Structure formats: C-alpha cells, structure tokens
Amino acid sequence: VGTSSQTQTVIEEVGNIRETGTIPSRIHNDNEIHELELERVFSDTWVFVGHESEIPEPGDYAKRYIGDSPFIFVRDDTGEVRVLFDSCQHRGTTVVRAEQGNTSYFRCPYHNWTYKNTGELVGVPHKEQFFKELDTCEHALDSAPQVDSYEGLVFASLSATAPSLDEYLGDFKWYLDLHLKFAEGGMEVVGEPIRWEIDTNWKIGADNFTGDSYHTLATHKSAMDLDIFPPELSAVGAERTPVDVTECSGHSCMLAYLENQEFAGGYPEDIFTETHLSESELRLAKRLVSSVGTVFPNFSFLQMNLNADPENREVTAFLNIRKWQPLGPKKTQVWNWILVPRDSSEEFKQRAYDTGISTFSVAGNFEVDDFAVWDGIAEAAGSTFGKKIGRRSNFQMGVGEMGDATNISDEWPGPGAVYDTNFEDGTMQTFYQSWYRSMTGRPIDSATEDVNE
Ligand code: FES
Ligand code: FE
C-alpha cells in the first residue's frame, strides 16, 4: 500500500504523543490508515487467536481471523495446536464454513480436495485421471508463520522474522500472570466467544481497555448507581490503591487493589496457590479489585469484582478477554470470552459466567454504555469537517504539566513505568506509541529507553 504524504504526516504526529498529549483523530476512521494497519500492524505483531481450552480434544477446531485473514485454530490428531490459513491449495476458497466443530478432515466445498487436521493434503478427487503429476506433499494448508502460546493464550504472527512471543509479551507477562496463574489448574474458557459488531475503529476499544478509568465516572454512571460495582470498590472508592502501568514492553494496564485487606478478589479463597506466582504477585492477586489492560495490538483483558445479580449480592470475580477485530476503518467485531479457574466449582463457574455476561458482553449493562460514545468518535473523526480542521484527540490527563501522577516504579514490585493513580493517560500513550512503532517499522526498544525518567 502506498502512503500519501498526508497520511505519513498523520502517522508521524502520533509518534509525538508524549510531547503533545494529542493525536490526529483521523486515525480512528480512515481508509488508507486501515489498509496500512492490515499490512503492517496485523502482519508484524503477535495477534491473539484463541484459548487452548476452546479446543481441548484432537480434531477440535474454530474459525479465527488475524487482521482480515481467515485461519483455522485446530488441535490436530497428534494433539498439537495449529493455526492454518483457511484457503484451499486448489482455487483458494475457504475450506471451513462452520464456526467450530470437531473433525479429522477438512473437505473443501468447491471440488472436495481434502486435508487432514494437520493441514496435509490427503484427498484429490479423480487424482489418477486428472492430476497425475500433482505432488500432494507440496499442497498442505499453509500455516501461520509463527504460533505460540502463553498460559493457554494462543497467539500467532504472520511474520516469520518477528521476535518470539516470549519476547513480545516481555515484562508484561508479570501482569498477565496475576490473572492467569493464581490458580493451580490455570484458567479455562466457559462457553463460546460471543461476538458483535460496533460502528467504530478497533483502536477505540483497545485504547479504552488500557485503562480509561475516567470514562467510568460518566459513561457508566447509571450502572455504577445500581451498585453493580460495590461502591467501596468503585473508581473513586476511598479504599482502593490505584496503579497505572505504562511502557511495559509496549503494553499497558491499570489495576486497583486493597492494600490492607486480603479480599480474595471475588474468587473462591481456596483457589489461590503459591505454585506459580512470586510472593509479591500472589499478595497482589489476592487483593485485586479491578484491572484492565491491552496487549498491543488488539487483545484486551478485564478482571472485575461485581455483584450483578439482584437476588444474590455476592461479589463475584471473572476474567473477560477480548479481541478487537478490525472489519473496516469504522467497523469492529468484538470477540468476547469469559474465563474462570479450571479448578473452581461448577456453581462458581456459572455465577462468574453470568456476572461477566450480564455486565461486559453484548447486552451487558456496562458494555452498552460504551457503544454509543465509541461510534461517535469514528463518525466525527472521518467527517469532512473533522478532517478539515484536523480534529485531535486528547490524552493529556495526569501526565506531565497536565496532572500530578507520581511515578512509583522504584517502590513497585512489578515492571513498567508505574504511576500512583488510575487517572492519567500514560497507558493510552503507550498504546499509541506501539502503534506508531508498528506503522513505521521502528524497533520497539528505540522509544522506550526513557521509560523511567
Ligand atoms: Fe478447494 Fe477446488 S477450491 S477443491
Ligand atoms: Fe466502558
């Protein structure tokens, strides 16, 4: 994709977010930017595909996307998890038409070429008559160039030369661990991912989930007024200790915890184990009240303690993971999963699922608040007048001259540049810095050296 000089200027301006505290709104609804993102961001980074627990048995598969490219997320007959490009080696149509299922063989609907769930081509109708010379060994389904997993989360990269997933997640694994490794048996997905479409750009959800605590006070006021979020734990609750984590291997998150109280985070108390976490991580995991974060580009997580059931006001924790799938410059498909500790009771799993679905899912009473305002961002950003006046989006809260967020990285046990508040925009600045690096091809380290200054 060629880049117009205007688009190049817009991208460069995003690179100055730390100095200016603003970015051109145009990146939230622009065809050329969208095409470039598919070619650069979604082809060079590690993109979330699914959780291993979604495909526990050999032959289990599910249809997934990386950028706009269709893939089959499958556990083959040997037990290996694969991410295969869903395009037949014959005329190229997609082989899989079901959302998910279990099969030993994928048969293409066009001319019935047939592949094992390893991707190997094993059947070509009338091969002896029509395709004598065809070497089936050379016509296996293509694999994503790199596939790897972290604590059950499977990611793939369309770049064969991208750094490993381990390196890509880097220090941010410390924060993922708080949500994925506190229970002995790890986490598992409940049910199927729920999907819906929103009329906005994929980056809006992704940046919000780095930690836009500010909007909670306004957008979600009606949900807060219902006390779904226990008042003492809410964003302005006096008891919480707030923390924003920025510049953590290019990823960012916010969290809040109860310093003086082991809250067990709305999870069953006996679920916590010392096996996989350091002492400081375990201490924090037991006190977590809420946290959200984004692994660049489009994987986000949210862990909350809510009491959504009017009949049973028990505070319940759940882990919500999601993917902001770009369908166009102002169209995003949200993929939403609820995870629970594998070793928790069926009663708890059901309660956690119900709590998650009724709050942070397509009809959730927090979720619906966000759609309306997120739609409006793309609408104005892509409008003729918005582009004419160079509409900018503001990310200055609490940062530098604009606020008094204090860097507490020295006292904090975890990695990253860490601030003592949930009301600062450094988490979002980190997201857009990663976007800039990905769009320009500059290495991730070159802009992170001044992390702790
Ligand atoms: Fe798949 Fe022809 S396109 S068999
Ligand atoms: Fe929200």
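**Start with the two domains**

Colour the chain in two pieces: domain 1 covers 47–149 and domain 2 covers 170–447, with bounds that come from an automatic or database domain assignment. Before you go further, note that this is a predicted model, where local features need pLDDT of at least 70, side-chain atom pairs count only at pLDDT 80 or more, and totals for chains, interfaces and linings use all residues. Residues are numbered from 1 along each chain as its sequence is written, while chains are lettered from A and ligands numbered from 1 in the order in which they are written.

Taken over C-alpha atoms, the centres of domain 1 and domain 2 are 34 Å apart. Now look at where they meet: domain 1 puts in 7 residues and domain 2 puts in 9 residues, with contact meaning that the C-beta atoms of two residues, placed from the backbone, lie within 7 Å. On the domain 1 side, strand 2 gives the largest share, 3 residues. Strands here are DSSP runs (E, at least two residues), numbered from the N terminus. By class, that side of domain 1 has 3 nonpolar, 3 polar and 1 charged residues; Ala, Val, Leu, Ile, Met, Phe, Trp, Tyr, Cys and Pro count as nonpolar, Asp, Glu, Lys and Arg as charged, and the others, Gly among them, as polar.

Pairing takes at least two DSSP bridges between two strands.

Zoom in on strand 10 and strand 11 (residues 153–157), which run antiparallel and are joined by 5 bridges. Click Q146 and you'll find its bridge partner, S157, in strand 11.

**Last stop: strand 14**

Is strand 14 (residues 251–258) mostly buried or exposed? 7 of its 8 residues are buried, so the rest of the structure largely encloses it. Buried means 20 or more other C-beta atoms within 10 Å of a residue's own, with C-beta atoms placed from the backbone.

C248 is bridged to H251 in strand 14.

Then select strand 15 (residues 288–295), antiparallel to strand 14 with 6 bridges. Finish on Y257, whose bridge partner in strand 15 is L288.

Key: Helix = DSSP H or I, 4+ residues; strand = E, 2+ residues; numbered from the N terminus. Buried ≥ 20, exposed ≤ 12 C-beta atoms within 10 Å, placed from the backbone.
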